[in-house]
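Visitor: I have a model to go through and would like to know what stands behind the labels used for it. Could we start with how its parts sit against one another?

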Amino acid sequence: MDLNFTEKQQEFQKEVRDFLDKNLDTKVSEKVRNGISISKSESEDWHKKLNNKGWLAGPWPEEFGGQDWGVVEKFIFEEECGASGAPRIVPFGVGMLAPVLMKFGSDEQRKHWLPRMLNGEDWWCQGYSEPGSGSDLASLKTTAVKENDCYIVNGQKTWTTFAQHANMIFCLVRTSNEGKPQEGISFLLMDMNSPGIEVRPIITLDGSHEVNEIFFSDVKVPLENLVGEENKGWTYAKYLLTHERTGNANVAISKRKIKKLRRLASETKKNGTALVNDPLFASRLAQIEINLQNLEITNLRTLSSVENGEAPGAESSIIKILGSEIEQDIDNLTRKSLGKRAFINEPDAFSVGYNGPEIEPKAAATASGKYFNHRKKSIYAGSNEIQKNIISKMMLNL
Amino acid sequence: MDLKPSPERQILFDTLTKYFENEYKIADRNTAAHSELGYSKEAWERMRDLGILESLIVPELNGFGGTPLDISAVFEALGRGLVVEPFLETGLVSTKILSKGNESQKKLVADLLENIALPTFCHSENDTDYRKSYVKTKLVPDKEGNFLVTGEKVMIKNASGASHLIITCRSSGDYADEKGITIACIPSNRSGVDIKSFSSIDGGRVSDIRLENVAVLKTEIIGNDGKGFEIISEAIDFGILAICSEALGIMEKIKELTLDYLKTRKQFGVPIGKFQALQHRMAQLLVEIEQARSAVVNATINFFDSNERSSVISAAKFSIGKIGMLVAEESIQLHGGMGMTWEYDLGHYAKRLVLIDHEFGDEDFHLQKYIELQ
């Protein structure tokens with residue numbers, strides 16, 4: 001058994017580190033480290049830098065402008081980005097839609113949409129969940145009816161991340177009511193500027209705006225925007241979801257956050273001694289660190305079996321559960337470690353125009369907000385309950 | 001044995017609960033809670049007219065309550081209503097301290113009832129050291145027999161709108177000694193007082209207060225010089241009892257919201273409450289909330305037992321901290337995305353419930369204190 005990287009992989013790791021050193025804007029990474037949403041233009045700038053290096057879509061095949069990265073290279077890249085506080089690549093286009101187009105799309109669709117993802121012409125969002133269809137996604141009701149040269153779409157999507165930035169959306173829509181609900185779903189690409197589309201913000205409990213509702217009324221969509229075959233959308237969606245759930249370990253991000261928490265706790269005094277030496281606190285911290293170490297190995301074990309040709313199955317569900325819970329545990333302990341300072345909620349403290357009183361430690365400005373915001377991690381991308389259903393079915397045959 | 005509340009207190013609780021349900025809308029509450037003042041003056045006045053303040057104050061000071069049983073019943077109702085107005089720091093803890101003062105300080109309680117004064121309690125000096133005796137703010141005598149106060153208070157609730165500040169000071173001894181603590185009550189506009197305020201995640205405002213050679217008259221000292229610890233200790237214990245009861249009210253409300261959601265939200269063709277995995281989690285919440293209620297009852301009935309009070313108060317605050325977080329997190333998870341939204345009430349209850357653990361000592365602090373006391 002060998003969980004070490006090869007020499008070539010180590011060189012790549014160093015190359016990524018050097019690149020991040022030179023190219024990552026410290027203002028942006030400070031925001032990322034403190035859980036502040038970065039602006040659309042900050043995201044686009046970062047995408048541009050990565051694209052110039054050829055790393056915006058590293059896992060893509062070379063013929064489409066990628067680097068043919070294997071799972072280990074992808075892992076190394078994401079971990080180094082996470083450790084340094086680089087913004088996440090907005091996944092909806094390059095990470096989610098692209099694999100679907102490559103596998104199920106037409107030549108024209110690949111030729112048209114893939115380059116636009118790389119050069120930043122399109123910002124994609126994902127239209128899956130509906131008010132009545134969350135965990136039970138297959139019950140979705142948004143309809144697309146063929147009429148002459150287009151589909152007419154009516155319905156509503158919800159929890160749509162960054163729809164406020166997007167000019168394109170890929171949607172699951174109902175094209176048939178025959179047979180099982182899964183058998184009447186199609187996969188459609190839509191222009192967000194089409195007449196009949198309305199986006200309304202959903203503000204989350206911490207006061208931030210990441211997700212939206214989208215309303216469709218008689219929206220015309222050209223027939224060529226159908227991906228693959230009509231009524232086969234469920235297959236494509238499942239394929240996409242496996243992609244969404246890999247890379248959810250976030251080991252490097254969690255390591256970075258643990259390190260920061262440890263530093264915070266050693267600079268904080270509780271009853272005259274450093275908080276980090278308080279037995280109850282130390283026990284909480286140690287348990288999270290041990291869980292994280294275990295997850296790191298679990299994740300590498302999964303990667304190594306994928307590298308050796310085994311398909312990722314329910315393992316991605318194990319990692320999604322653990323990754324989300326460990327991150328939530330760290331956010332929880334960070335909030336606790338701040339004591340009374342955790343009351344503060346001033347996310348603007350990281351903006352240029354902030355003129356309120358200074359906050360020390362600065363992390364306190366967003367720590368509680370982040371703790372509440374990150375409760376979403378065990379809910380989104382298939383709730384952890386749904387992941388347990390998948391494990392029960394696929395791994396335990398229950 | 002009868003551990004039920006008396007009929008009068010049950011009526012008080014029911015009346016307040018009904019009032020908040022009908023008249024205190026969470027959306028309006030949120031607007032006020034995140035405003036410059038941090039609460040609604042108008043709602044405060046309406047609730048004052050209702051007699052909520054009087055129910056926290058003993059008859060000798062023109063109230064009609066003030067016992068642990070009254071306080072627990074009222075704060076449970078305030079919790080259910082998610083009331084952000086300053087009943088805890090001003091209505092309860094400040095009046096308990098002022099009741100030990102001289103005639104003009106007692107008159108401040110009357111002024112509060114008349115709505116012409118709004119004192120608040122300024123005690124904490126360290127974010128993570130929750131010891132009641134942690135006081136560094138220096139009080140030194142001047143030549144005229146009055147005093148000068150210099151120091152810093154941190155994360156004080158509702159200081160920005162207060163008319164008077166009740167400040168704990170050190171006149172002798174080391175920073176965590178129980179002896180040598182002196183309490184002063186001064187108008188908040190006194191020269192040398194600098195208040196910096198922040199938005200609080202659970203609503204309201206929190207402030208850091210810098211005191212620089214602030215003049216204190218000898219008539220502005222509450223109780224005896226150096227003997228303030230016992231006064232604040234009891235007042236803070238009242239505060240802990242109140243905040244635990246508030247948490248209980250929040251948890252009961254969260255339980256109702258979540259149960260309602262489990263019964264009405266349908267996925268896979270059935271209400272999600274039909275899934276056994278979720279039934280067991282909801283049942284566990286009920287079990288835990290019953291334990292939380294017992295912790296609060298235990299603290300309430302033993303409050304005046306001097307051998308027991310510290311222990312039952314710490315046991316209650318520990319239980320509330322631990323169970324509160326579980327209830328907040330589980331209820332959000334059982335709601336899915338809905339629990340994450342600003343528009344829906346649950347998240348606001350969950351925020352307050354979690355942050356209650358950061359007030360008057362968290363679960364770890366009180367667990368350690370409980371261990372020391374055995």
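Guide: In this predicted model, the centres of domain 1 of chain B and domain 3 of chain B, taken over C-alpha atoms, are 21 Å apart.

Visitor: Why are these called domain 1 and domain 3 of chain B?

Guide: Because an automatic or database assignment sets the bounds. In chain B these are 7–113 for domain 1, 119–227 for domain 2 and 230–373 for domain 3.

Visitor: What makes residues of domain 1 and domain 3 of chain B count as being in contact?

Guide: Two residues qualify if their C-beta atoms, placed from the backbone, lie within 7 Å. The contact takes in 19 residues of domain 1 of chain B and 25 residues of domain 3 of chain B, so these are the residues on its two sides.

Visitor: Which helix supplies the largest share of the domain 1 side in chain B?

Guide: α5(B) does, with ten residues. At least two residues each come from α2 (26–33), α5 (68–81) and α6 (87–98) of chain B.

Visitor: How many residues on that side of domain 1 of chain B are nonpolar, polar and charged?

Guide: Twelve are nonpolar, three polar and four charged.

Visitor: And how many residues are in contact between chain A and chain B?

Guide: 36 residues of chain A touch 32 residues of chain B. On the chain A side, β6 (197–203), β9 (269–270), α9 (279–307) and α11 (367–373) give two or more residues; α11(A) gives the most, three.

Visitor: What is the make-up of that chain A side?

Guide: The side of chain A that touches chain B has 14 nonpolar, twelve polar and ten charged residues.

Conventions. Residues are numbered from 1 along each chain as its sequence is written. Chains are lettered from A and ligands numbered from 1 in the order in which they are written. This is a predicted model: local features need pLDDT of at least 70, side-chain atom pairs count only at pLDDT 80 or more; totals for chains, interfaces and linings use all residues. Helices (H or I, at least four residues) and strands (E, at least two) are DSSP runs, numbered from the N terminus. Ala, Val, Leu, Ile, Met, Phe, Trp, Tyr, Cys and Pro count as nonpolar, Asp, Glu, Lys and Arg as charged, and the others, Gly among them, as polar.
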